[in-house]
Amino acid sequence: MGFGAFILGNLLGFGFAFMLVGILVKRSNDHGDSKGTFLDFNSQLLHVTVKRDDVCDPKDLDYIASLNNRK
Amino acid sequence: MILYCANCGKALVYNPAKNKMECPSCGSLFDAKRSPEPEDTMECNIYTCTACGAELAINGVESSTFCAYCGQPTIIFSRVSSEIKPKYILPFSVTKDQAVIAIRQKLKKGFFISNEIKNFDVERVRGIYIPYWLFDIHYEDKVYLSGTKGSGDNEHDVFFYREADCNFKQLTLDASGKLADESSQRLEPYDTHALQPFDISYLSGFYADRYDVPAEQLHTLAISRAENLFNAAIKDTVHANNVTIVQNAPERQILKADYAMLPAWFLTFRYQQKPYTILVNGQTGKVVGGVPYNKSKVAVCFILTGLAVSFFAFLIIYGLFLMDMIDSPGKFVFDVLIVTGIFVGIGIAKFHKVKKSVELTESKTTDSYVKDRQEGI
């Protein structure tokens, strides 16, 4: 039981350490990755003309439309 | 491209801080006025330096007796080249010194960067105007989106409907086939509101690349970039979790594409005999590039963190076994393996990104791009 816990603990510990070091190396040594987009200098570009919340699943709408077409 | 001082005849350099052409010899300042030439093209004399291999483009009938880059009097006339004039130019607002300081500050903060890199000697710094296409695109779409609301047992799917349009003005796409797309994309964004009508005097003291990717070749990419921006913006109008687009019918049209030159500083230094080139956005000062990590620092950090976390993980798991809180040991082991796999996967992805970025920085393509960019306008 103790040996099993030791193995599992090591797996988790070194797996976590590998992820952490990877994240830190990325932050430390790689600069300019996808920070900022065109929209930073061009906000308010999107004009929403129709806005409906809580609508039906579009698949259901398609199904209803196909039923209406059959009639 | 070189313009000369009317007072002493030395080559003028554009000074971004003063927005003037400045003579480094006598200090005279000149306005960067619009070129009176209405033509779409202009003729440049291309000179080649036999010492460093650089190519120098000089406007008009002037000649040069020295290389502007290595300073050697080994420059010979090569050919006359007709170049298409860009419609716009974005003048440098970041000076050479500011670019070097920005890079030094970034590198100094890096824990895994070796001291040799942090205290690098600048081998060369070059201001280069990169050719870009500026696309005007009209994009409209009718979109069904799905998302989730609530949590736990109350979590349920919700659907939304949006009709929207977007007029993208001057969406930037790199028009140089020689500079890696990853590099130019990471240099962005540029604020295109600061664009000026093209004026040849802005090029003085800088290098200029010329486009080798026609606008038509970039139509698909331009549409795809507009689509990504549009979809991200439309998702922001929805208040739900895990928002995805489930159905849409986009209509998009490219209205026009203008040719422009956007500024970047290319700084090259050597580390372990290899040249590394880091880029700085000449307008915003954004630093772009990856540098090699110090392997011994990474190894020490990995082992120490691994030992510490393993110790606590062992105590917790052993405690769970002792208190008989694990119903199914097989499932528990499986879960631990899954979590470990996720950790390792994320780690591999991060290291892979750094490796790719370092490869770009040390790529011979980028280095030779910097060397060759004298050709142009």
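Q: Leaving out residues up to four places away in sequence, what does B:Phe135 touch?
A: This is a predicted model, to be clear. In it, B:Phe135 touches B:Phe168, B:Leu171 and B:Leu173, along with B:Ala222, B:Ile254 and B:Ala257, not counting residues up to four places away in sequence.

Q: And which residues touch the most other members of the largest nonpolar core?
A: B:Phe135 is one of them, together with B:Tyr129, B:Leu171 and B:Val280. That core has 85 residues.

Q: Which strand gives the largest share of this core?
A: Strand S8 of chain B, residues 122-149, with 12 residues.

Q: Where does the core lie relative to the domains of chain B?
A: Between domain 1 (13-85) and domain 2 (96-292 + 362-372), because both of them give residues to it.

Q: OK, zooming out. How many helices and strands in chain B?
A: 7 helices and 15 strands.

Q: What percentage of chain B is buried?
A: Buried residues come to 37% of its 377 residues.

Q: What's the phi of B:Gln170?
A: Positive, about 55°, although B:Gln170 is not a glycine. This residue belongs to strand S9 of chain B, residues 156-174.

Q: Buried or exposed, that B:Gln170?
A: B:Gln170 has 23 other C-beta atoms within 10 Å, and the cut-off for buried is 20 or more, so B:Gln170 is buried.

Q: What about B:Gln273, where is it found?
A: In the loop between strand S13 (251-271) and strand S14 (274-281) of chain B. B:Gln273 also has a positive phi, about 70°, without being a glycine.

Q: And why does B:Gln273 count as exposed?
A: Because B:Gln273 has 5 other C-beta atoms within 10 Å, and exposed means 12 or fewer.

Q: Switching to the interface. How many residues of chain A are in contact with chain B?
A: 50 residues of chain A, against 62 residues of chain B.

Q: Which elements of chain A give two or more residues to that side?
A: Helix H1 (2-29), strand S1 (30-31) and strand S2 (46-55) of chain A. H1(A) gives the most, with 24 residues.

Q: How does the side of chain A that touches chain B split by class?
A: It has 26 nonpolar, 15 polar and 9 charged residues.

Q: Which strand of chain B does S1(A) pair with?
A: Strand S15 of chain B, residues 287-290, in the antiparallel sense over 2 bridges. There, A:Asp30 stands opposite B:Gly290.

Q: Last topic, the open sheet of 3 strands in chain B. What's the order?
A: S1-S2-S3, with antiparallel pairing. The edge strands, each pairing on one side only, are S1 (13-15) and S3 (29-31) of chain B. Neighbouring strands are turned by 40° against each other on average, direction ignored.

Q: How many bridges join S1(B) to S2 of chain B?
A: 3 bridges, and the two strands run antiparallel. B:Val13 stands opposite B:Glu22 in S2(B).

Notes
Residues numbered from 1 in each chain as written. Chains lettered and ligands numbered in written order. Predicted model: local features only at pLDDT ≥ 70, side-chain atom pairs only at ≥ 80, totals over all residues. Helix = DSSP H or I, 4+ residues; strand = E, 2+ residues; numbered from the N terminus. Contact = placed C-beta atoms within 7 Å. Nonpolar A, V, L, I, M, F, W, Y, C, P; charged D, E, K, R; others polar. Pairing = 2+ DSSP bridges. Core = buried A, V, L, I, M, F, W, Y, C linked by C-beta atoms within 7 Å. Domains from an automatic or database assignment. Axes fitted to C-alpha atoms, helices over the stretch in contact; angles between N-to-C directions.
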